[in-house]
Amino acid sequence: MASLDDLPPLREALAAHGLMAKKSFGQHFLLDLNITRKIARLAQVGAGDRVIEVGPGPGGLTRALLETGAQVTAVEKDERFRPLLEEVAAASGALSLVLGDALTVDEAAMAEGGPAHVVSNLPYNVGTPLLIKWLTGPWTPASLTLMFQREVARRITARPGDADYGRLGVISQATCEAAIVMDVPARAFTPPPKVDSAVVRLTPRADRPEPRRLDALQKVTAAAFGQRRKMLRASLKGIGGEAVIASAGLDPQARAETVDVAGFLRLADAWLASR
């Protein structure tokens, strides 16, 4: 019976199938198994764990995840990779392939009602929408270990007063403990992107906001950061203005980038109470 060790190197596999990265899908292949194995270690997954991977492409990270003994479900939109990934599935016996759009798939069904970790080198063009889906949707991952453009990684982990602090950071940190755990230079990819990347590790918080509060948080952060250079009394005028700000114990002359996550959660509570 074939095993992962019997598979050809990734570059050979790509050449054998005549595959190249497709720019329209935001594809950049990570072929260095030393890097993919490090990401798998950072994900802290092992034998018996269920992992969902989005955008496996040629399967570099997929192979590293399978080496840990995890059961992997890979969601791939690009049909060109089906034969290559089916070879990996046959060799491992622990890979399920789902051909579809990760923005619309049902992760809860793939996890079969149990916990699942999301580990992915995300396609650049859908990374942020996918993260928001996992942070705010009905299904909550056990953990997320995700590669983004370095700029996006900084936005996820930024603190009040940082230039990158904004709505994405507030939602990420209200729902998870978030940290950059690895930097990956552009030259590590084939073809190299124009920017460096970073791996972010997110672990859901025990005090994660319940759905109604999370919806309110999304609404107040959209208003506040939609006009981030304005004072809160102006940017939040359409959702209650100074009355809501006062109820949250915040300064109406403050700007969104100076308000911490706890302050935005109080704003969400105040807006809910005012309705």
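Author: Happy to, and we can go from the sheet to the helices and then to a few single residues. This is a predicted model, in which local features need pLDDT of at least 70 and side-chain atom pairs count only at pLDDT 80 or more, while totals for chains, interfaces and linings use all residues. Residues are numbered from 1 along each chain as its sequence is written, and side-chain values use heavy atoms, with hydrogens and water left out.

Reader: Great. What is the order of the strands in the open sheet?

Author: The seven strands run β4-β3-β2-β5-β6-β9-β7, with mixed pairing. Strands here are DSSP runs of E with at least two residues, helices are runs of H or I with at least four residues, and both are numbered from the N terminus. Two strands pair if DSSP finds at least two bridges between them.

Reader: And which strands stand at the edges?

Author: β4 (95-99) and β7 do; each has a single partner strand, so one side of each has no neighbour in the sheet. On average, neighbouring strands are turned by 20° against each other, direction ignored.

Reader: Let's zoom in on β5. How many of its residues are buried?

Author: Five of the five, residues 117-121, so β5 is largely enclosed by the rest of the structure. Buried means under 20% relative accessible area, exposed means over 50%, and partly exposed is in between, using a 1.4 Å probe and protein chains only.

Reader: Which way do those side chains point?

Author: H117, V119 and N121 point one way, V118 and S120 the other way. In a regular strand the side chains alternate between the two faces of the sheet.

Reader: What does β5 pair with?

Author: β5 pairs in the parallel sense with β2 (residues 50-54) over two bridges, and I52 stands opposite V118. β5 also pairs in the parallel sense with β6 (residues 143-149), over five bridges, where S143 is the bridge partner of H117. The chain gets from β5 to β6 through helix α6 (residues 127-136), in a right-handed β-α-β crossover. Right-handed means that, with the strands pointing away from the viewer, the path from the first strand over the helix to the second runs clockwise.

Reader: Which strands does α6 lie across?

Author: α6 lies across β2, β5, β6, β7 and β9, and runs at about 160° to β6. Axes are lines fitted to C-alpha atoms, for helices over the stretch in contact, and angles between N-to-C directions run from 0 to 180 degrees.

Reader: Nice. How does β9 join in?

Author: β9 (residues 197-204) is mostly covered, with six of its eight residues buried. Six bridges join β9 to β6, and the two run antiparallel. With β7 (residues 176-184), β9 pairs in the antiparallel sense over eight bridges. L202 in β9 is a handy landmark: L144 stands opposite L202, and A178 stands opposite L202 too.

Reader: Switching topic: at what angle do α9 and α12 pack?

Author: Helix α9 (residues 211-226) and helix α12 (residues 261-274) pack at about 105°, with axes 8 Å apart. They therefore count as roughly perpendicular, the label for 65 to 115 degrees; under 35 is roughly parallel, over 145 roughly antiparallel and the rest oblique.

Reader: Which residues meet there?

Author: Among them are A216, L217 and V220 in α9, and F264, L265 and W271 in α12. Contact means heavy atoms within 4.5 Å.

Reader: I landed on T175. Is T175 buried or exposed?

Author: T175 is buried, with a relative accessible area of 0%. T175 sits in helix α8 (residues 167-175), and touches residues including L135, T203 and L214, not counting those up to four places away in sequence.

Reader: Where is E112 placed?

Author: E112 is in the loop between α5 (107-111) and β5.
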